[in-house]
Amino acid sequence: MCETKREALLKEAIEIVTKNRNAEYGEPEQNFFLISAFWSEYLNIPVSSQDVAIMMALLKIARLKANKSHHDSMVDVAGYMACLAELAE
């Protein structure tokens, strides 16, 4: 059976959020917590780890507005939403 583009994109996102990025940046939960602490301090308002995942996805969506076929941004959005699913627990 031939793999669809959807399946390929989601498999790539799985690989990135479970292996590649973890090796470079650590576990997403820890990384998003650190980002939320920096953003909270800088903005002087509370920012949660979940907010970080959503805002990072929005950044990628803004980039997709300029280039709707940018594959890496699509993969990243899927990855951020997968991380959000874990952070929301």
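## Helix H2: length and faces

In this predicted model, helix H2 has 16 residues. At 1.5 Å a residue, H2 should span 22 Å.

Which residues of H2 are buried? They are Pro-28, Phe-32, Ile-35, Ser-36 and Ser-40. Viewed down the axis of H2, these buried residues fall within an arc of 135°, so they line one face of the helix. An α-helix has 3.6 residues a turn, so residues three or four places apart point the same way. The other side of H2 has exposed residues: Gln-30, Phe-33, Phe-38, Glu-41 and Tyr-42.

Asn-44 follows H2. Asn-44 sits in the loop between helix H2 (28-43) and helix H3 (49-66). Its phi is positive, near 60°, although the residue is not glycine. Most residues other than glycine have a negative phi. Asn-44 is also exposed, with a relative accessible area of 69%.

## The largest nonpolar core

The largest nonpolar core has 11 residues. H2, H3 and helix H4 (71-87) each supply at least two residues of the core. H4 gives the largest share, 4 residues.

What does Val-17 touch, leaving aside residues up to four places away in sequence? Its contacts are Asn-22, Pro-28, Gly-79 and Cys-83.

Terms used: Residues are numbered from 1 along each chain as its sequence is written. This is a predicted model: local features need pLDDT of at least 70, side-chain atom pairs count only at pLDDT 80 or more; totals for chains, interfaces and linings use all residues. Side-chain values use heavy atoms; hydrogens and water are left out. Buried means under 20% relative accessible area, exposed over 50%, partly exposed in between (1.4 Å probe, protein chains only). A nonpolar core is a set of buried Ala, Val, Leu, Ile, Met, Phe, Trp, Tyr and Cys residues joined through side-chain atoms within 4.5 Å. Contact means heavy atoms within 4.5 Å. The expected span of a helix is 1.5 Å times one less than its number of residues. The arc is that of the directions from the helix axis to the C-beta atoms.
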